[in-house]
Amino acid sequence: QVHLVESGGGLVQPGGSLRLSCAASDGTFGSSALGWFRQAPGKKREFVAAIGTNWSGGMTAYADSVQGRFVVSRENAENTAYLLMNNLKPEDTAVYYCAISQQYEGAVRLDWQYTYWGQGTQVTVSS
């Protein structure tokens, strides 16, 4: 069983930045696609960003709503991934989850394509 722990969430003003971290317990982290999802109150979980393995080319994918503002990266030697969130907006407020895929190495976008999930970290954007 792979355990994932998100951290770095908190309260930030609109226009500010925040960096989330995702730490994995398993050394196979580097051979798995990594995705970030978020869920706001009363809404379904939605895709935010993803990054593939180095072997697959390290391709990234972003939801239209965060394209140009968020940057996803990974440090495989540390079994850690990051989501840098810039120019945050109130509509970015949600619980953010990281996930890894047992099957895919590319930057896949669908939640059913991921196998292991963290517990989430709260991000609140408010003035």
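Student: Leaving aside its neighbours within four places in sequence, which residues is His3 in contact with?
Tutor: His3 is in contact with Ala23, Ala24 and Ser25 once those neighbours are set aside, where contact means heavy atoms within 4.5 Å. This is a predicted model, in which local features need pLDDT of at least 70 and side-chain atom pairs count only at pLDDT 80 or more, while totals for chains, interfaces and linings use all residues. Residues are numbered from 1 along each chain as its sequence is written, and side-chain values use heavy atoms, with hydrogens and water left out.

Student: How many helices and strands does the chain have?
Tutor: The protein chain has zero helices and eleven strands. Both are DSSP runs numbered from the N terminus, helices being H or I with at least four residues and strands being E with at least two.

Student: Which strands make up the open sheet, and in what order?
Tutor: The open sheet has four strands in the order β1-β3-β8-β7, with antiparallel pairing, and two strands count as paired if DSSP finds at least two bridges between them. The edge strands are β1 (4–7) and β7 (70–75), each of which pairs on one side only.

Student: Is Asn79 buried or exposed?
Tutor: Asn79 has a relative accessible area of 16%, so it is buried; buried means under 20%, exposed means over 50%, and partly exposed lies in between, using a 1.4 Å probe and protein chains only. Asn87, in the loop between β8 and β9, also has a positive phi, near 45 degrees, but its relative accessible area is 41%, so Asn87 is partly exposed.

Student: Switching topic, how many disulfides does a search of the whole structure find?
Tutor: The search finds one disulfide, meaning a pair of cysteine sulfur atoms within 2.5 Å. Cys22 and Cys98 form this disulfide, with their sulfur atoms 2.0 Å apart. The pair links distant parts of the chain, since Cys22 is in strand β3 (residues 18–24) and Cys98 is in strand β9 (residues 94–100), 76 residues apart.

Student: Why is that disulfide called right-handed?
Tutor: The torsion about the S-S bond of Cys22 and Cys98 is about 65 degrees, and therefore the disulfide is right-handed. Both Cys22 and Cys98 are buried.

Student: Now β11: which residues are on its covered face?
Tutor: In strand β11 (residues 121–125), Thr121, Val123 and Val125 form the covered face, while Gln122 and Thr124 form the uncovered one. In a regular strand the side chains alternate between the two faces of the sheet.

Student: What does β11 pair with, in the parallel or the antiparallel sense?
Tutor: Strand β2 (residues 10–12) runs parallel to β11 and is joined to it by three bridges, with Gly10 standing opposite Val123. Strand β9 pairs with β11 in the antiparallel sense, over three bridges, and here the partner of Ala94 is Val123.

Student: Last one: how does the radius of gyration fit a compact globule?
Tutor: A compact globule of 127 residues would have a radius of gyration near 14 Å, and the protein chain has 13 Å, which agrees. That radius is taken over C-alpha atoms, and the globule rule is 2.2 Å times the number of residues to the power 0.38. The C-alpha atoms fill a box of roughly 40 × 25 × 25 Å along the principal axes, and 46% of the 127 residues count as buried.
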